[in-house]
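Dear colleague,

I am passing on the structure below, and my notes on one helix and a few backbone details follow it.

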Amino acid sequence: MSFPIEQIRQMFPVLHQEVHGKPLIYFDNAATTQKPQSVINSLEGYYLHDNANIHRGAHALADRATRYFEDTRETVQKFLNAKESAEIIFTKGTTESINLVAYTFGRKFIQTGDEIIISTLEHHSNIVPWQMLCEEKGAILKVIPINDAGEIIYEEFEKLLSPKTKLVSVVHASNALGTINPVKKIIYSAHAVGAKVLLDGAQSTSHLEIDVQDLDCDFMALSAHKLYGPTGLGVLYGKREVLEAMPPFQGGGEMIKEVTFEKTTYNEIPFKFEAGTPNIGDVIAFKYAIDFINETSKSAIKEHEEGLLSYANELLGSIKGFIPVGTAKEKVSVLSFNINGMHPFDVGVMLDAKGIAVRTGHHCTQPLMKRLGLEGTVRASFAVYNSKSEIEKLAEGVAQIARIKNK
Amino acid sequence: MSSIQEVQEEIISEFEILGDDKESTIFYIMELGGNLESFPENERVEENIIKGCQSKVWLVADSKDGKVHYQADSNTDITKGLISLLIRVLNDRTPQEIISAELDFIHKIGMGGIIGSQRSNGLAAMIKQMKLYALALQAKQSV
C-alpha cells in the first residue's frame, strides 16, 4: 500500500498556507513538528468541557480530567513498551527530564571521582546538566569521540568505561546530523561495569520503534512537541527500581504522602516526581499525537522518511558546491549541509524567501560543530507529512542559491 | 554631500523598486555587501567583534578631519549588505550628526520582516556600537 501522504497532509492545518507569497514547505521538524487536527481539537475540547485539577477532586470534571490524564500515561507506556505506567513521568520536556535525573539520581549516586560519559554528538541539554553536577560533586565528565562521518567511535567508548563510570548519557539520534547511535550495544557494555544509562530520545522517538525493555535503558527522555504533540511537555521514562531509589525532584503538592511540620513522607512513583499541578490539557492532547503515530504506523513513517532522505541525498548530492555534513550509515531523516563559500545563515534566509523553513546555526551542539570545524550547518529535517515534491523544491532552491558562489 | 535624511530617502526608494519580493530584496542586500571597502586584516580581532550579533561583525572607526570613518566586515553576505547600508548613511559625518541620527530607513524598508527578529537585534547592536564610537570621538575632540 502506498503511503497516504495527501490524506496525512490534510490532517495538519498549519501546512496549508503561504509564506512570502510561496507555499510553505516545513523542513524544521527536528526543532518541532506540526500538530494534527486531533491534537488541536483535544486542546480546545479540554478547555471547553473538561478543565479541572486532577487527582483527589470529588467531582465529575476532576474525575474526567484525571481519567484522560492517566490515559495518556498508559498510552505513553505502551508507546515505549515500558513495563508499567508508573515508570512514565511527565515533565516540561527532554531538557527537564535530563535535569531531573541530574538533580535526583546524580545528587544521590554520583560522588567525587565518579565518571559520567556522554558523546561528542550531544545537544547542550545533555552536556550542561552533567557539567553542573560534576562541578558540584567533583565528578569527571568523559566524552566519546566521533569519526568524520559523525558516528561515535565504539572502541573509544569501551576504553572510557571503568568501574568509576556511574552513568552513560547519550543521544539516541543526533539532532544536528541525524546519526543513530548503537544504543543497545552501549547499554549492554555500560551495564557490564555497573553504570546506568540515560537515552536522550528527543529526536529518535518520532522516527524509530522504541522498546525500552528490549533496549534495557535505565532512563529515556523525550519531548511531546517533536512527536506531533503540544509544546511544554515531555516524558522521563525510568525503571521502577531506579526511580524508587531516587529522591524527589521538586517539593510541593502531589509529590507527598503526608506532610507535618516535623516531617514529610513522599508519594509513590510517578507522583513523587510530579510536584504541583501538571500541564493537564497538553498531557491529555498528547495522547492524540501518539494515536496518530500508531494509526499511521511507525514502520510506515520510517519507510516514508527514509525514502525522503535518500531522495534528498540523491538530488542535492549532485549540486555543485553542496557539502553534506554527517554521513553516518544509520540516520534518521535529517539532512545537514553547507554550501561552499556561503554562510549557513545566508542560505537559510534565502530558502525562507522561497517558502522553505529550515534551521541554520550550531543546533545547540557547539562542541560537535567545533569537532567538525564548522560554524554551523543548514539543517532540513523531514517528517511524516513531507512529500517528494517538496524535496524537489528544496533541491531547486539549493541549486539556485549554490550557483551564486559555485558557478 | 547629501544629508543623512537624504541618503535614507534614497535607500527607501531603491527598496521600493524591489517591491514585496523577498528573494530579490535579499539578493540585492547581498550584492550591496560588495560595496564595502576591504577590511584591514590586523583589525580582524576579537576586541572588534560586536556583541549581540548572530553572525560575526567586525567594526572599527577613526576620525578624519573631525569626521568619523567606519570600516566593517562580516562572515555572512546578508549582514555585509546591511552593514554597507549603515555605513552609506553614517560614514564621514561629524560625531554630532551620527549621535543624533534617527535611522528610520531600517523600519521603512521593512528590514524586520526581511531578516527576522534575532538579526534585527544584531542590527540594533551594530547601530549602538557605531554611535558609541562617535560619542568617544566627540569626547576626544572636546578635550
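The buried residues of α11(A) are A:K298, A:I301, A:H304, A:E305, A:L308, A:L309, A:Y311, A:A312 and A:L316, where buried means under 20% relative accessible area, exposed over 50% and partly exposed in between, with a 1.4 Å probe and protein chains only. Because they cover an arc of only 165° around the axis, they sit on the same side of α11(A), the arc being that of the directions from the helix axis to the C-beta atoms. The face turned away from that buried side carries the exposed residues A:E303 and A:E314. Among the elements that cover the buried residues are α3 (60-80), α10 (280-296) and α14 (388-405) of chain A, contact meaning heavy atoms within 4.5 Å. Helices (H or I, at least four residues) and strands (E, at least two) are DSSP runs, numbered from the N terminus.

Please keep in mind that this is a predicted model, in which local features need pLDDT of at least 70 and side-chain atom pairs count only at pLDDT 80 or more, while totals for chains, interfaces and linings use all residues. Residues are numbered from 1 along each chain as its sequence is written, chains are lettered from A and ligands numbered from 1 in the order in which they are written, and side-chain values use heavy atoms, with hydrogens and water left out.

Turning to the backbone, a cis peptide bond with omega of about 0° joins A:I269 and A:P270, and A:P270 is placed in the loop between β12 (264-266) and α10 of chain A. A:H20, in the loop between β1 (18-19) and β2 (22-23) of chain A, has a positive phi near 50°.

Best wishes
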